[in-house]
Amino acid sequence: MELKNKIAVVTGVSKGLGLEVVKQLLEKGTVVAGWGRTAPDLKHGNFHFFFLRCVSGRSS
């Protein structure tokens, strides 16, 4: 599958599996929009990080 110049959305990019998926996609030329609670230490022209704040929808 050709991934160059495609756009991917990945969640959980701060570490672990999500971060590794981002790295693999970037190697293939994909533009990646990544969401997470903490910005990864990753600088790449095709990587765009978005801060995600998770809160419960329930009131106490």
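Reader: Hi! Is Phe-50 buried or exposed, or in between?
Author: In this predicted model, Phe-50 is partly exposed, because its relative accessible area is 37% and that class runs between 20% and 50%.

Reader: And what about Trp-35, how accessible is that one?
Author: Trp-35 has 27% relative accessibility, so Trp-35 counts as partly exposed too.

Reader: Nice. How many aromatic pairs does the structure hold?
Author: There is 1 aromatic pair. It is formed by Trp-35 and Phe-50, with ring centres 4.7 Å apart. The planes meet at 20°, so the pair is stacked.

Reader: Where in the chain do those two sit?
Author: Trp-35 belongs to strand S2 (residues 31-36) and Phe-50 to strand S3 (residues 47-51). They are 15 residues apart, and the pair links distant parts of the chain.

Reader: Switching topic: which residues make up the largest nonpolar core?
Author: That core has 10 residues, including Ala-8, Val-10, Leu-19, Leu-42 and Phe-47. Strand S1 (7-11) and helix H1 (16-27) are the elements that each give two or more residues.

Reader: Which element gives the largest share?
Author: H1 does, with 4 residues.

Reader: What does Ala-8 touch, leaving out residues up to four places away in sequence?
Author: Ala-8 touches Leu-25, Thr-30, Val-31, Val-32 and Ala-33.

Reader: Last one, pockets! What lines the largest pocket?
Author: The lining includes Thr-11, Lys-15, Arg-37 and Cys-54, along with Trp-35 from the aromatic pair. By type, the lining residues divide into 3 nonpolar, 5 polar and 2 charged. The space in this pocket is about 150 Å³.

Technical notes. Residues are numbered from 1 along each chain as its sequence is written. This is a predicted model: local features need pLDDT of at least 70, side-chain atom pairs count only at pLDDT 80 or more; totals for chains, interfaces and linings use all residues. Side-chain values use heavy atoms; hydrogens and water are left out. Rings of Phe, Tyr and Trp (its six-membered ring) pair if their centres lie within 6.5 Å; planes under 30 degrees apart count as stacked, over 60 as edge-to-face and the rest as tilted. Buried means under 20% relative accessible area, exposed over 50%, partly exposed in between (1.4 Å probe, protein chains only). A nonpolar core is a set of buried Ala, Val, Leu, Ile, Met, Phe, Trp, Tyr and Cys residues joined through side-chain atoms within 4.5 Å. Contact means heavy atoms within 4.5 Å. On a 1 Å grid over the protein atoms alone, a cavity is a set of points where a 1.4 Å probe fits but cannot get out, and a pocket is an open set with protein on both sides within 12 Å along at least five of seven lines; lining residues have an atom within 4 Å of a point. Grid points are joined across faces, edges and corners, and a volume is the space filled by probe spheres set on the points. Ala, Val, Leu, Ile, Met, Phe, Trp, Tyr, Cys and Pro count as nonpolar, Asp, Glu, Lys and Arg as charged, and the others, Gly among them, as polar.
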